[in-house]
Amino acid sequence: MSIQCTDAEWKILEVLWQSSPRTMAEITRQLEPETGWTRHTVITLLKRMCEKKTVSVDETGDVKRYSPLVTRYDASADQTSKLLCRVFGGNASLLVHHLVDTGELNADDVQELLREIQKTNRP
């Protein structure tokens, strides 16, 4: 399943992954200091996300409550796969080389990656 998610929508998902369900007002209150978004912006984004089926809305109470329909793991996996294909031609080692060259991965990170690789390669 391909997850279509803009940077703005990702910010809302981050809030919902922390705790959900949440109301539009709660989401706006949490994001406003960082983004400057008004309730109208959040409403527009939530409508779009409901259409994309990345967020669900419960309208049974006094106020609408929103919950994520995608997990952080699935969204991260999808976005990583898209980045890998688009930027690095599907070559994961090019991505790792880039992360090392730019200092995004330090020696401890590399050691952790090696441990993960060794775990997956055990019989």
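Start by selecting glutamate 34: at 57% relative accessibility, this residue counts as exposed (exposed means over 50% relative accessible area, buried under 20%, partly exposed in between, with a 1.4 Å probe and protein chains only). You're looking at a predicted model, where local features need pLDDT of at least 70 and side-chain atom pairs count only at pLDDT 80 or more, while totals for chains, interfaces and linings use all residues. Residues are numbered from 1 along each chain as its sequence is written, and side-chain values use heavy atoms, leaving out hydrogens and water.

Helices (H or I, at least four residues) and strands (E, at least two) are DSSP runs, numbered from the N terminus. Lysine 11 is partly exposed, at 31%.

Next, pick glutamate 9. Is this residue buried or exposed? Glutamate 9 is buried, with a relative accessible area of 0%. Its salt-bridge partner is arginine 48, with the closest N and O atoms 4.0 Å apart. Here helix α1 is linked to helix α3 (residues 39–52), and the two residues are 39 apart.

Three strands form an open sheet in the order β1-β3-β2, with antiparallel pairing (two strands pair if DSSP finds at least two bridges between them). On the edges are β1 (22–23) and β2 (55–58), each pairing on one side only. Helix α1 (residues 7–18) packs on the sheet and touches β1, β2 and β3 (contact means heavy atoms within 4.5 Å).

Finish at helix α6. Color Val96, Val100, Leu113, Leu114 and Ile117, which form a nonpolar patch on the surface. Patches are made of residues with over 30% relative accessible area and no salt bridge, with like charges joined within 9 Å and nonpolar side chains (Val, Leu, Ile, Met, Phe, Trp, Tyr) within 5 Å. The largest share, three residues, comes from α6. Isoleucine 117 is in α6 and is partly exposed, at 46%.

Key:
Axes are lines fitted to C-alpha atoms, for helices over the stretch in contact, and angles run from 0 to 180 degrees between N-to-C directions. Accessible areas come from the Shrake-Rupley method with a 1.4 Å probe; for residues, only the protein chains shown count as cover. A salt bridge is a side-chain nitrogen of Lys or Arg within 4 Å of a carboxyl oxygen of Asp or Glu.
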